[in-house]
Amino acid sequence: MLSAIKNKIPTQLKLAVLSLSIFSISQTAIAATTPAIYSQMAIHHPVWAKSGMVATQEALATKIGVEILKQGGNAVDAAVAVGYALAVTLPRAGNLGGGGFMLVYLAEKQQVIAIDYREKAPADASRDMYLDENGEVTPNLSKFHGLAIGTPGTVMGLEHARKTYGTLSREQLLAPAIKLAKEGITVTPDLAGSLAALKDRLGKSEEAKNIFYKEDGVNYAPGDTLKQTDLADTLTIISEQGEKGFYEGKIAKAIAASIQEAGGIVTENDLKNYHSVDRKAIEGTYRGYQVFSMPPPSSGGVHIVQILNMLENYDITAMGHNSAQHIHTLVESMRRAYADRSLHLGDSDFVKVPVKTLTSKAYAKQLVDTIDPDKATPSKDIQPDANLPYESNQTTHFSVVDKWGNAVANTYTLNYSYGSGIVAKGTGVLLNNEMDDFSAKPGHANGYGLIGGEANAIAPGKRPLSSMSPTVILKDNELFMVTGTPGGSRIITTTLQVISNVIDYGMNIADATSATRIHHQWLPDYIRVESGLSADTVNILEAKGHQLKVQESMGSTQSIMTSENGLYGASDPRRPSSLSAGY
């Protein structure tokens, strides 16, 4: 049995397999004659499937993806169906009016493709568009105003992926989302809670208020049925006409008109001229594994590889998971990568990003040489640029693997929860506030006297910097793991820790997902931690000069691992509606 999986899992996990228990899995997941393998050492267990697996933040969308795989669709087909479905079932992050990034792994070609469908600044955007007459940033102009809205890319990205790498018809992939929007979804406690929490913002848009609240303004309760008929009509037009039905014609007119009515500057021409871009994925290696992630305008891939390169200089396993020395080493590596992020990262179509240097082993060693194993380095002593823009954690990620070994890692967003809160009239489409991810005031000095954000300054047609990090891990050119997460600036560190938990500590994907997380992003200069660290660990870290703050949980990873025995999926327990499922 060990020989069957010896090339598919790290050394530490092979040792754990020495104590295995074999038991039956529900007939709904796999045939009763095919057992799954679990370690008795594990606390959390992944979902097992023989042929295909889908992991998303919302259960209905997961089930739709699995059904597409069962119908003979490949990973891209399932991903496209999930992307449209989440626009209905997870409106705070799933979307048609936002944008994102997709990583596609083609097993037959052993090739990874990065699809960039990030939103773009409209043609009339300008560098100082959020500054007042005194040169100060106008509060909320880049967040909850028509000027916050960038040209959306999701529909173009999904359609490009489907046409280029999918196998099923557009009508087949959109049909489940149309049905859900038209007939309604059962409101979950998670959805009810988020709508109630965002009522003040969504209530400012008459369209949003009419969709997401009852006629008398009462909140939807768990168990109620939420219908989105305008969104169903929009999805139907996309099903019939493809991306042209969204970027031209009556939907485009409605989107542009609604944005301009709210004071924004996106035009029909901006929509008509939008295009997605195929880019070369960021590639690195870590302890014999090949790491692929998203290139600029995402900073995710660059800095995941950069931090892994630094960690490779240490015996992380010997330190012990989440020991004080382990966390200190993680934090010091994160601190230096995020300092570089603020200076160098932006849309590579507009600025020169030194990807080769930032992802090189030599540069990582240079940074490691500045790390004191016994003492925290104050962030003020690390001098690259500052003033990072805020990134909302209300993004969503999903992962898909099919029976042929193809895979998709996709992260997309409206930025803030429900984006700008503005719904384009008559379309049911929530619109992003992604312009807030640009540097609103490049050249601005912060409290350390540092200058900020030139690479991420606003320019017409430019895509804002992001942390979204859909990631694919290969071993000997064969698929090993697919992962990613929402979480704003914490996406990079969350994804990184899941990868390290599996490779360095031999955790199964469920244990790797559930483990307590930490985060440091250079500024502000403190370690953000989830609950779960011991008082002794905290005391040792503080003695090294670190400041720690226990804050809300981080991320919602959706991950899949492969083995000779099938697929293992894990949806983050930090989000109540998530589901990994397969067949």
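Student: Before we dig in, what ground rules apply to the model?
Tutor: Residues are numbered from 1 along each chain as its sequence is written, and side-chain values use heavy atoms, with hydrogens and water left out. As the model is predicted, totals for chains, interfaces and linings use all residues, side-chain atom pairs count only at pLDDT 80 or more, and local features need pLDDT of at least 70.

Student: How many aromatic pairs are there?
Tutor: Rings of Phe, Tyr and Trp (its six-membered ring) pair if their centres lie within 6.5 Å; planes under 30 degrees apart are stacked, over 60 edge-to-face, the rest tilted. By that rule the count is 6.

Student: What is the angle between the planes of F144 and Y416?
Tutor: Their centres are 5.5 Å apart. The pair is edge-to-face, with an angle of 85°.

Student: How many residues apart are F144 and Y416?
Tutor: F144 is in the loop between β6 (111–117) and α5 (154–165), while Y416 is in the loop between β13 (407–413) and β14 (423–424). Helices (H or I, at least four residues) and strands (E, at least two) are DSSP runs, numbered from the N terminus. The pair links distant parts of the chain, and the separation is 272 residues.

Student: Is Y416 buried or exposed?
Tutor: Buried means under 20% relative accessible area, exposed over 50%, partly exposed in between (1.4 Å probe, protein chains only). F144 is at 34%, so F144 counts as partly exposed. Y416 has 10%, so Y416 is buried.

Student: Which residue has its charged end over the ring of Y526?
Tutor: A charge sits over a ring if NZ of Lys or CZ of Arg is within 6 Å of the ring centre and within 35 degrees of the ring normal. Over the face of Y289, at 4.7 Å from the ring centre, lies K475. For Y526, at 4.3 Å from the centre, the residue is K549.

Student: Which side chain makes a polar contact with the side chain of T396?
Tutor: T396 is in strand β12 (residues 395–401), and its relative accessible area is 0%, so T396 is buried. A polar contact is a pair of N or O atoms within 3.5 Å; within protein, one must be able to donate a hydrogen and the other to accept it, and residues adjacent in sequence count only if both atoms are side-chain atoms. At 2.9 Å, the partner is Q57.

Student: Which residue stands opposite I527 in β22?
Tutor: Strand β21 (residues 527–529) runs parallel to β22, joined by 3 bridges. Opposite I527 stands L548.

Terms used. Two strands pair if DSSP finds at least two bridges between them.
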